[in-house]
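Please look over the sequence and the structure before reading on.

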Amino acid sequence: MARTENDAAAARRLVRLDNDYLWHPFTAMRQWRGGDDDAGRVIVAGEGFYLIDARGRRYIDGFSSLWCNVHGHRVERIDSAVRHQLEKIAHSSLLGHASPPSIALAERLVRITPEGLTKVFYSDSGSTAVEIALKMAFGYWRNVGRGREKFLAVRHGYHGDTLGSVSVGGIDTFHKVFSPLLFDATLVDSPNSYVNPAGADAAGVVLDQVDSALAAAPGEYCAVIMEPLIQAAGGMLTHPPGFLAGMRDITTRHDVLLIVDEVATGFCRTGRLFACEHEDVQPDLMCLGKGLSGGYLPVAATLATTDIFDAFCAEGKTFYHGHTFTGNALGCAAAVASVDLILESGLLDTLAAKVERIHTALAELADHPHVAEVRQCGMMVGIGLVRDRATGEAFDPARQAGAAVCRAALARGVITRPLGAVVVLMPAPAMDGETLEKLLTATVETINEYFRLNAI
Ligand code: PLP
């Protein structure tokens, strides 16, 4: 049998087994199981910025494998760091012990994150990094003898799927169903001008909402939690400049902790190493995940100030939280190599030109009758599709316009994943110019062709 026939037979078998045994995250399984066998479903390998499916076809990884890949796939420096660690030990517990990779990574994270963050607590997903930040904030106020229970978050925000992070989430589709299980959080509006009726004045309006909520309950709020610069899963909702710094000012004024969730924005996504750098903000707690290990392994971290840490150092105090794989040695070794690569490769200096190139290329869609807006924050992009640009009429969700366009992009060799009617592009920050160009061209062509061929 020819190789491609073998590949096709192997791919069909994998799809059959996938349908029989796997339950996929954030996936309508009825639809998935009835889906197209031949649609790049099973990824067997990666090479640079490409993903390779079970039939041997190559696709540009247009969403950084769910927003986490930084340097590409099978990067020699990270691969060899993991191999090297594997020859020593894959995992040992951080409960009662330490390990060289977890120590090395913590030192680096304190060095590269905003000033004031001095302690690193590991976990294994963005959700757990947030969960930990919430529990630390709650525990901090108890430990200093001024117990508080309230949290404030931003509508359309997403902080993960564990119940604490869902409690401070603001996306009804994902979160509402769990409401009986959640603690109450005060939600203020998103300052994004597209979703906020105040439009260009939204930032000021929302900052006033925050100020009023904190002023109305002095001494009751543990923390404000927010995604800096852009609410990613909420639809790539960018924030006006100054909003993040405004949140820092207000929380400082009311003596409330600020938790900045940089799970999606951290590690070069916004054009800088961290989003906080854009507005020179020093949070009290910072959550990291996704790109922390270069997108290789599930490593996350919650960074805290000395003040918060010290509150857990008093006699008889302990932070009662930790996971079996907290500070996993293989993951930390990958993360150390990824951070070093970011710092030593000059990657940060290449970002401004790429960000500009994305902006220019996608400007072609600015007048498209079915594109409401192209929202961009650094290397993070959301292309919002609408039924009618002139009236702003949305697509019926049942039509799954975003998913349909992403399926069409597969035929042009691009894999990405939508957020409802928003087509997401999130190339790895290290993506080379030629691949980035192909990705941008394929995206524009796909959107143009899809709406030419499909009656609305
Ligand atoms: N926080 C933000 C801002 C995110 O975008 C995400 C995931 O998309 C999370 C937290 C949750 O991360 P994880 O999926 O690793 O649990």
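## Overall form

The model described here is predicted. Its protein chain contains 15 helices and 16 strands. Along the principal axes, the C-alpha trace spans about 70 × 60 × 45 Å. A compact globule of 456 residues would have a radius of gyration near 23 Å, and the protein chain, with 22 Å, agrees with this value.

Of the 456 residues in the protein chain, 52% are buried. Contacts between residues at least 6 apart in sequence were also examined: 68% of them join residues at least 24 apart.

## Surface and charge

The protein chain has an accessible surface of about 20,300 Å², and carbon and sulfur atoms account for 54% of that area. Its side chains include 41 positive and 53 negative ones. The centres of these two sets are 6 Å apart.

## Nonpolar cores

The largest nonpolar core comprises 66 residues. Within this core, the residues with the most contacts are Trp67, Leu105, Leu109, Met236, Phe267 and Leu292. Helix H9 gives the most to the core, contributing six residues. Another core lies apart from this one and has 31 residues, including Leu385, Leu436, Leu439 and Val444.

Leu109 shows how parts of the chain meet. Leaving aside residues up to four places away in sequence, Leu109 touches Val120, Tyr122, Phe267, Leu288, Leu292, Ala301 and Leu303. Two of these partners, Phe267 and Leu292, are themselves listed with Leu109 among the residues with the most contacts inside the largest core.

Helix H10 covers residues 243-253, and its buried residues are Phe243, Leu244, Gly246, Met247, Arg248, Ile250 and Thr251. An α-helix has 3.6 residues a turn, so residues three or four places apart point the same way. The buried residues of H10 are covered by elements that include strand S5 (150-154), helix H9 (202-216), strand S7 (221-226) and strand S10 (257-261). After H10 comes Asp255, which has a positive phi near 55°.

## Residues with positive phi

Most residues other than glycine have a negative phi. Leu66 has a positive value instead, near 65°. Leu66 is found in helix H3, which runs over residues 64-67. With a relative accessible area of 42%, Leu66 is partly exposed.

His156 is likewise not a glycine, and its phi is positive at about 75°. His156 sits in the loop between S5 and helix H7 (163-167).

Arg57 belongs to the loop between strand S2 (50-53) and strand S3 (58-61). Its relative accessible area is 30%, so Arg57 is partly exposed. How far from the C-alpha atom of Arg57 is that of Gly413, 356 residues apart along the chain? The two C-alpha atoms are separated by 8.3 Å.

Gly392 lies in the loop between strand S14 (380-385) and helix H14 (401-411). Gly392 counts as partly exposed, at 35% relative accessibility. The C-alpha atoms of Gly392 and Ala300 are separated by 38 Å, and these residues are 92 apart along the chain.

Note on methods: Residues numbered from 1 in each chain as written. Predicted model: local features only at pLDDT ≥ 70, side-chain atom pairs only at ≥ 80, totals over all residues. Heavy atoms only, no water. Helix = DSSP H or I, 4+ residues; strand = E, 2+ residues; numbered from the N terminus. Rg over C-alpha atoms; globule rule 2.2 N^0.38 Å. Buried < 20%, exposed > 50% of the residue type's maximum accessible area, 1.4 Å probe, protein only. Contact = heavy atoms within 4.5 Å. Areas by Shrake-Rupley, 256 points an atom, 1.4 Å probe, with all protein chains shown as cover. Lys, Arg positive; Asp, Glu negative; His and termini not counted. Charge placed at Lys NZ, Arg CZ, Asp CG, Glu CD. Core = buried A, V, L, I, M, F, W, Y, C linked by side-chain atoms within 4.5 Å.
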